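Open your viewer and get ready to select residues. We will go stop by stop.

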Amino acid sequence: MLRRTGTCLTACALSLALALPSQAQSPGRYEAPGLTRSPSVAAGGDYGLPSLTRQGSQAISGEEYRLGRAWLRQFRARAPEWQDAIAQDYVESLVARLLPHSGLGDARTAVTLVESRLLNAFAVPGGVIGVNAGLFAFAEREAELASVIAHELGHLSQRHYARGQARAEQTQIPAMAAMLAGMLLAAGGGGDAGIAAAMGSQAAFIQDQLSYSRRFEQEADRVGLQAMADAGYEPGAMVEMFRAMQRMMSLQGGTPPEFLLTHPVTESRISDTQARADQVSVAAPRDGDLHYQLVRARALLTVHDRDPQQASTRLAQDQAPEAARRYLSALIDARAGRTDRALDELDALARSQPDLAMLPASAAQVAFEAGRIDEAIDRSRRQLRLMPDYAPASRLLGEALLQRDPDEAYRVLRELADARPEDPQAFTLLAEAAGRSGREAWGHLARAEQLQLTGRIDRAIRQLEVAKEVAEREGDGAAASHIERRREDFIGYRETLEKF
């Protein structure tokens, strides 16, 4: 349900789509990318570009899937992304842990991280999950973050968006215009102020239908609590989050956190959640909070980018584990140019926590950002021999290899894009690797993929035209044929986006 599944940007985009009945008249014109390999493309030329023909899961309808992925591209074009491969991998793994217990079957989700200090998370029909960096700063334990994501997955599994559509269409148009204004302000550089303006109008929309929506919130709470318990998280953490948000609202003079604007919390709801949590038992409790605390340190450093010491103070106040505080200190040292000191600390942490892939990856990143390219390559390769599927290490290896061996970088980044078809940064790096290794047509094609993933479809189509010209000039018929097929897909995608 659009009132319940996202930020103002979510509600705004979905309102627009619902206001246009022609949306249902073009099924199949756009599917989010799933990687396929064209058998007609010669070896070394095909890096598994996304196909737009894969069907959605049984739990999520094809229309919802198309709408969600189209919305995600529009969102990327407007919102500041938190581009942190390590945090991205963590949230994706957390979603994957909760998903089997949320009633969504084998739904293919897409996670987007937002560089905002606002406390918020959202879910969009079609399996799109968004998390603000500010939510990490607020949630002191992994179970608390899991409670928010489990709740959002509950909205998706109960199909609240689809069930609320008829009711929403009766009242959404006046609110939609106000939300659009805030959306445009945010997109034009207004940032959090623009989002807040749109949130205010959305809150009025919510108030109009509050009695109707409480059932949906209770359903999402119920599904989320059970999913948490089944995944090994203490259900009481959801109650703790609700109460912490209420305290925050009180301290702010009655102004609710952004999450509460779209998910109102009352004493009766907290009591109901507590009663349900008391009846749910955790069969196999998880002990993975250190991983979360390390990622939280990265989020705090993002939130307090201009004053890293505030991030350290916050971790100390929240009594975070010593390892998390040491990790944050190492990242701060790296920013200050104390590279050797940072690497020594990260290596020591990695030895004490050998199962945490993010620690050696963090050290490789520090080496790379300090200009120690060969060391970064060596560290990444060592890690990938032990953890071959850890995407942050693959990305860093590919980026570092761009400085030393573009051909090898192309191979590494081609495999990364194959595995992560919804990752714009993977295609950004792949385009650069293709260009540096003499694969000009494929470079333009990868750039087109990056453009379409970030909502700039007209530029993407123009980029494909350039790619086709290059392919024909070089006599690469396989590339030209593949590019033409992608052009047809992109045109269909543009028709879907125009409905926003």
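Predicted model: local features only at pLDDT ≥ 70, side-chain atom pairs only at ≥ 80, totals over all residues.

**Stop 1: the core.** Select Val-91, Leu-98, Phe-136, Leu-145, Ile-149 and Tyr-327. These residues have the most contacts inside the largest nonpolar core, which has 126 residues. Now color helix 13, residues 289-303. Helix 13 gives this core its largest share, nine residues.

Stop 2: Zoom in on Leu-98. Which residues does Leu-98 touch, leaving out those up to four places away in sequence? They are Ala-146, Ile-149, Ala-150, Leu-153, Ala-227, Met-228, Ala-231 and Tyr-233.

**Stop 3: a second core.** Select Leu-72, Ala-110, Phe-122 and Val-124. They are among the nine residues of a second, separate core.

**Stop 4: helices 20 and 21.** Show residues 406-419 (helix 20) and 424-436 (helix 21). Their axes come within 8 Å and cross at roughly 150°. Angles over 145 degrees count as roughly antiparallel, so helix 20 is roughly antiparallel to helix 21. Their crossing is left-handed. Show side chains at the contact: Tyr-410 and Leu-413 are among those from helix 20, and Phe-427 and Leu-430 are among those from helix 21. The contact has twelve nonpolar, no polar and two charged residues.

**Stop 5: helices 22 and 23.** Move on to residues 440-453 (helix 22) and 457-473 (helix 23). At what angle do their axes cross? The answer is roughly 170°, and the axes come within 8 Å. That makes helix 22 roughly antiparallel to helix 23. Select the meeting residues, including His-444 and Leu-451 in helix 22 and Gln-463 and Val-470 in helix 23. This contact divides into eleven nonpolar, three polar and four charged residues.

Technical notes
Residues numbered from 1 in each chain as written. Heavy atoms only, no water. Axes fitted to C-alpha atoms, helices over the stretch in contact; angles between N-to-C directions. Helix = DSSP H or I, 4+ residues; strand = E, 2+ residues; numbered from the N terminus. Parallel < 35°, antiparallel > 145°, perpendicular 65-115°, else oblique. Left-handed = near helix turned anticlockwise from the far one by under 90°. Contact = heavy atoms within 4.5 Å. Nonpolar A, V, L, I, M, F, W, Y, C, P; charged D, E, K, R; others polar. Core = buried A, V, L, I, M, F, W, Y, C linked by side-chain atoms within 4.5 Å. Buried < 20%, exposed > 50% of the residue type's maximum accessible area, 1.4 Å probe, protein only.
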